[in-house]
Amino acid sequence: MLLALAPASQAAPGSVWVLDISDAIGPASADYLVRTLTQAQDQGAQLVVLRLDTPGGLDSAMRQMIKAILASTVPVASFVAPSGARAASAGTYILYASHVAAMAPGTNLGAATPVQIGGPAGTCPAPAPDNKAKPDGDEATLARKQVNDAAAYIRGLAQLRGRNADWAEQAVREAVSLPASEALRLKVIDQLADDVPALLRQLDGKTLVAAGQPRLLQTRDASLVEHLPDWRTRLLAVITNPSVALILIMIGVYGLLFEFMNPGSALGGVVGGICLLLGLYALQLLPVSFAGMALILLGIAFMIAEAFLPSFGAVGFGGIVAFVVGALILIDTDAPGFGIPLGLIATLAVLSALLIGGVLGMAIKARRRVPVSGDAGLVGSLAIVTQVMEDDPRNGAVQAQGEHWQARCATPLQIGQQVRITARQGLMLQVSAAAPAAQGE
């Protein structure tokens, strides 16, 4: 029997909604699941199938998703598919929290040891066996606390759903993994199915308890609603990528800088303001190291100050060092998919160095340039005679550098004549007839 896929806008009561999460678990994944579960409940769906393929992700986003699943009045079936997919780390917790845990052949789950659940950045290893050396100090204590907390959390989920709690704790403490067939044999999952239609045939007629209420599934003839991530989820997924967030911050700051240096250009201010707000919004959703953020802002401030201070590069290149160090420690987690590539950091640092070099080059050229303002710029320049006094044709007025001046010459002047300024005495300019070679200037 074939089950037709219908768009979400045509969802009918009693339909089965299919969601896809095929990337690291983060703020976008959590927002997507929470909003879609609410819509599924409002539209009377009988089941939500969450198709998973994830390497793990952020603890905060994972717990938000699990809370939504546990509170949902619509049963959730997490399905690790297609073949070759995985539900590692945070994905294992979500699988255990779901009303139905299912996998396709050729998939795996596990490796649920937390790399970080709060606290400072860094890997949180499982406690060492008794026959091996154990780390001492606060770091070891913190690691034990994090692992014990995660083990208790997943054991509680396993007991709630009647699944293998011992293996769940082992997945946390020893970072072990299981293939689909072994997971079914050890009662870690409930179903093994090739695809979603096969899973729905297996679930037809089963009764699940969701939010304390029994729900009888009639999935054999149910319509499937493919509820793919909408524009909001896709946008959130892009801007909450740490690399994109860092780039947005840089574009925002430099855009505002160019606007301040060229008031009225508008483009720099508009683009810079939008990018800066988007970057800050993304960072407040991510686990950010405040020390890293402070170093980045300090580095940017130093690089901007280089354009105004006569430090000949010392402040600017100090800012580049601060920026690089800050970017390296910006994201306060080792969760997969949430690191900032070294190549991106190096590229931004090089671009900033080139910008500073360009500013320094322009400053040096300006320093060597002959002054073109005041008396130094006025004397020696050319002017045009605009008025001649009738009583004394040696006196008149000239236009020089866009301004009108009184002028006196040793020889009679003619309107339209080109003269050269030789001296200035208050508001009076001394001029002489321009040499023939200077007529083209």
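## Close-up views of a predicted model

**View A. A hairpin built from strands 10 and 11.** Strand 10 and strand 11 make a hairpin, with 2 residues between them, and A211 in the turn has a positive phi of about 55°. The two strands pair in the antiparallel sense over 4 bridges (strands count as paired if DSSP finds at least two bridges between them). T207 has L216 as its bridge partner in strand 11. Strands here are DSSP runs of E with at least two residues, helices are runs of H or I with at least four, and both are numbered from the N terminus.

A quick note on what you're looking at: this is a predicted model, so local features need pLDDT of at least 70 and side-chain atom pairs count only at pLDDT 80 or more, while totals for chains, interfaces and linings use all residues. Residues are numbered from 1 along each chain as its sequence is written, and side-chain values use heavy atoms, with hydrogens and water left out.

View B. Buried means under 20% relative accessible area, exposed means over 50%, and partly exposed is in between (1.4 Å probe, protein chains only).

**View C. Q213 in strand 11.** Q213 lies in strand 11, which covers residues 213-216. With a relative accessible area of 45%, Q213 is partly exposed. Q213 and V74 are 139 residues apart in sequence, yet 9.6 Å apart in space, C-alpha to C-alpha.

**View D. Strand 4 and its neighbours.** Strand 4 (residues 76-80) has 5 of its 5 residues buried, so it is largely enclosed by the rest of the structure. V76, S78 and V80 are buried on one side, A77 and F79 on the other, so both faces are covered. Strand 3 (residues 47-52) runs parallel to strand 4, joined by 5 bridges, and L52 has V80 as its partner. Another 4 bridges join strand 4 to strand 6 (residues 100-103), again in parallel; here V80 partners M103.

**View E. A β-α-β unit.** Strand 3, helix 2 (residues 59-71) and strand 4 make a right-handed β-α-β unit. Right-handed means that, with the strands pointing away from the viewer, the path from the first strand over the helix to the second runs clockwise.

**View F. The buried side of helix 8.** T233, L236 and I239 are buried in helix 8 (residues 231-239). They cover an arc of only 135° around the axis, which puts them on the same side of helix 8 (the arc is that of the directions from the helix axis to the C-beta atoms).
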